[in-house]
Amino acid sequence: MESISFFTHHILVLFECFSVPNRGNLSLIFYANFCRPKSLGIMPHKSVTHLLTDSKSVLRKRPSSVFSPSSTWSASKSKSTGLVYDDRMLQHRHEWFRGEQESPARIQRAYERCHEEGLISRCMLVPAKHVSEDSLALVHDRNYIRLIRRSRTFSRQELYNLSGQFDGVFFNEFTWNCASLAAGSLKSLTHLVAEGRLLNGLALIRPPGHHAMHAEACGYCIFNNVAVAVASLLNSPPNGITSCSIGSDMSFGSGRKSRKITVVPSNDDNDMRAFGHRTGSVKSSESSAVAISSKEELDFTSGSPITMDRILILDWDVHHGQGTQYAFYEDNRVLYVSIHRYEKGNFWPHLREANCDFVGHGPGRGYNVNIPVDQIDMTDADYLAVFHQLVMPIALEYNPQLVVVSCGFDAAIGCPEGRMWLTPALFGHFVNHLKILAGGKIVVALEGGYYVDSLSESAVHVLKALLGDPVTPVRLVRAPCKSIRKSIELCTTALRPYWKSLWIQDVSRIVDRPNLSHVPMISWPLVRRIVWPETNPLIPEPLARCVHELMNHGIAMPLPELEQQPYLLLVPFKPNTQSVNEPKMKTDRRNCATTKQKCICPWPKKLLLRMSNFLHIHFYRETGSADQTTATDEKQSAPPSSAAAATTTLTDSGQISVHPAKRRCLAHSADHRSKSPGPDLNHSHTASSTVCGCSLAISRGVNKLISPDVSNSAPVLSAALEKSMTDLFLRRFIRTVLVGHELTPFELVNAIRQLPEQLLFTYRGRLLYSRMGRPLPNPVIFPSHNAIYHGRQYGDVSGGIGPVDQGESQTSGLDNPPVESFGLNANSCTDQIGSNSARPSSASNAYKSNESVQACRILVLDLTGSEDPGECGNLVKQSNVEGHIRSDLLWCSIYTASMADYLASSPSLLRVTQLFRSHHTSSRGPIHSAQWLRIPVINTNQPRSHILGIKSVSGIDMLCPNLCAALLHFLLPIAYEYGPELVCLRLGPEWTDSGQNCMELALSHLLHLIRGLGCAMFISLGSTHPPSNLILSSLLDPASDSCQVSSQLESMVPTAKMQTVLRHMFRENSFRWKSLSYADSLPKWR
């Protein structure tokens, strides 16, 4: 009976294969069910089901980017996110200790959480495959490889003895199989992404790999998965250094320089074709036994193999990945960046070469970046500072062709190895930052992370970021601590001779370079200590209960996917008066008027029709006078008349012409509703909600615009703004683009103040909510590990997280709300967290206790070139006007050309200016506070030498590097510290209508990085003309990641003048923003 059911199962699967629309995936399905040897087992039926689901839905996963200002469009090929997971990797386990933290549950629970969030069906499942010995030999010693392969036949006692010869490693009979699958699967996924067949990918694999060295397993790692995958993309074997070698007597050798691998041609393995020569095998009696079955070596590549010479490996595992560092230490084709806990060498693996002064050797000098963390209890703010000030500037200057992430989650909350407090959402922000590199080609490979709850949540955030979903906002509880700022300054001093993008600080003095001549490049044999059988690090029971409660009540969950189109376009109908004597015009018989007023839409009809497949399009009516606007606003509050009719015509020039008294919405479907019900708001602006879930009526024309059953008239601008703000706060949309109008501060504040206060609380609850479904009222205050580990009572943690530096406040912003502590201590942390989070009404009470928390924090990025925010005087005059939602404005004006040069010559103008601040709690005006920042971006035509000294780059082409430098070093740290709930972007015609490639690239990078803040966005376009295809895709296409707009410039290094401007901006604003508190000058090494 079993054989019959087995045969029936495969017949059904084969039938499914020929019913899949995308026949390109037949090889994946057929391989998963028929081409796997029986000794290895068959993929579980649920995995095959996911694979079939993925194949059938490949056409609807990512709509094509088809925006173009003209009527002729070319659809781009949709690409998917790859996912590697195989149940066979669960077989590797500790046979002598059932409570081992490196357990199969790590990848199993991560996969299940991604499936619960509906992410698996949106990915392309890449079948796991074994790796060949030749691929492993690029990084590992062949004798070591054969030893691991022979372990399949070892007895239990021999496996026990083998485990005791390595530091932190265990073996069982399935270890070779799992390690081979992990390395081969990641290699396969990496090649698919490198070739452009997949957009990006996530590999849920085990055992991890970044500690595995040339001839030694270490730290749960058998083979260095990332190093093997990257080495297979180089045109020659990597230039590294070997840490040890294993002979027949299992004796370990000392460190030595590596030598290139010599191979003998062979015809039975094609795994090394990436090197441009025929693969080979070492002359050995066992060489034939290493060959993997052709069924297991199913090749996904097509055409000529791809090679790369600039690959970035980013390792944010809390432990230093010494195995990866050794593999590429003398190779400039691979940039290795590691953020790890170091504590001056007192943290495992206790390596001197993990410090920041080990920067590489020979050709690889400068391409090994170590960022040591010398303190526990680090938070999101500390790691974001490292990303903004070090990782991203270096990565942009390097301009990699591929990004591979050694993704360890042991710095996340709850992991006993890291003892850090990173929230799971932060890892999604990391991935979003990296997507501006390498055209979005990112491969994320799981490394460490041993608190399964935070690991699985972090994996969900990472996969959602790879899929292009909005990231969950992070709310920082304090600025970067003094320890991390010191680490950043030390790394900057060590790396400045090799990276020009780090020359923001001035030179204070000349000092001698640290003398490393007496320090070995590999100190692992000197510090290696083996404890077997080993034990796991544990956290005290009070802290474990605290972490459990924090995960349930204090950590933000991933944002749900919107069912309807997430973007809204507001298009104007401009008045156009024509004479009755003109052809094809009829006289209005009802009033016998001699002229007829029509409203002309400035965007072509074909463009709007095609865009309606991907987003909502609402229309608003422009009026000629303010009196008419006011009168219409009063009329809008009344219930709409059901007798109104709508007419639509098409002019000879292809423009849409609509009667000025009517309105409509173009959308893809009329039955898109938001799952989450709106709050019970008894206000008139919610009465016109319609079937699409938005505030305007809907219609969709397939080949032409049709007249729907629409009874509501088209709103004027003020009413349209109010309705669009309502939709943003209800999260029916996450982005609104207003065409043909530069939004003023008064219009923005006036639209928000009309909304009820409860709507802001509802928006915050939908943006940040806990696992229990309750809103997060305040940022979470984490306890100190040291305080609880040493048994001290830690009742009041409001003064800081862990050992906070003296003189630093918990909340640094002038207008940032004071954060209420959970009052955690070693005995009552569970009770106090539960009591604080279990009351849903406490959120509103906590907000109402402080005026600044009641206000909506709005970050305004003004790219119109206006010399002042405009109407600031009116804002102050109108401060006593009663409103519902108050606004807290941070207005950032970004200037280019002559205005930027003027500001660069006047550093005092770069200081933040307080435009208005309400000091009386009795005043309930629309503005709580307003601040103004001027940010100059130098783009004058001043030639500077190229980074390689080959050619000169004109100043206008430096707009994108200079803007990215201003964003990463200055604006993004301020934005994360400010914590906006709404981002308003004002774009002038000089940005949207310039037609210059450099400005379009700069704007695309800005949109992508600002989108990473995770809050709603409102964008106003001052021009009525459709922008270029690149800008349209960045603004309005949910399927188009701005990451695909990778740098097409020769250099992404900011100019020396721009770096001087950034130095002045840091100096003038560090008193206000603690995330900018860095030394003004740093020493320089001889």
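A: Arg-149 and Glu-133 join their side chains in a salt bridge, 3.9 Å from N to O. The term means a side-chain nitrogen of Lys or Arg within 4 Å of a carboxyl oxygen of Asp or Glu. The pair links distant parts of the chain, 16 residues apart: Arg-149 belongs to helix H7 (residues 142-150), Glu-133 to helix H6 (residues 133-136). Helices (H or I, at least four residues) and strands (E, at least two) are DSSP runs, numbered from the N terminus. Arg-149 and Glu-133 are both buried. Buried means under 20% relative accessible area, exposed over 50%, and partly exposed in between, with a 1.4 Å probe and protein chains only.

The model is predicted: local features need pLDDT of at least 70, side-chain atom pairs count only at pLDDT 80 or more, and totals for chains, interfaces and linings use all residues. Residues are numbered from 1 along each chain as its sequence is written, and side-chain values use heavy atoms, with hydrogens and water left out.

Across the whole structure, a search finds 33 salt bridges. One of them pairs Arg-122 with Asp-469, with the closest N and O atoms 2.8 Å apart. This pair links distant parts of the chain, 347 residues apart. Arg-122 sits in the loop between helix H5 (105-116) and strand E2 (123-125). Asp-469 sits in the loop between helix H15 (452-467) and helix H16 (482-495). Both Arg-122 and Asp-469 are buried.

Next, Glu-216 and Arg-528. Their side chains meet in a salt bridge at 2.6 Å, N to O. Glu-216 lies in the loop between strand E3 (200-203) and helix H10 (225-231), and Arg-528 in the loop between helix H17 (524-527) and helix H18 (541-553), so the bridge ties together parts that are 312 residues apart in sequence. Glu-216 has 1% relative accessibility and therefore counts as buried. Elsewhere, salt bridges with shared partners build one network from Arg-109, Glu-112, Arg-113, Glu-116, Glu-117, Asp-453, Glu-457 and Arg-771.

The side chains of Tyr-976 and His-429 make one at 2.8 Å. The term covers a pair of N or O atoms within 3.5 Å; within protein, one must be able to donate a hydrogen and the other to accept it, and residues adjacent in sequence count only if both atoms are side-chain atoms. Tyr-976 is in helix H30 (residues 959-978). Its relative accessible area is 4%, so Tyr-976 is buried.
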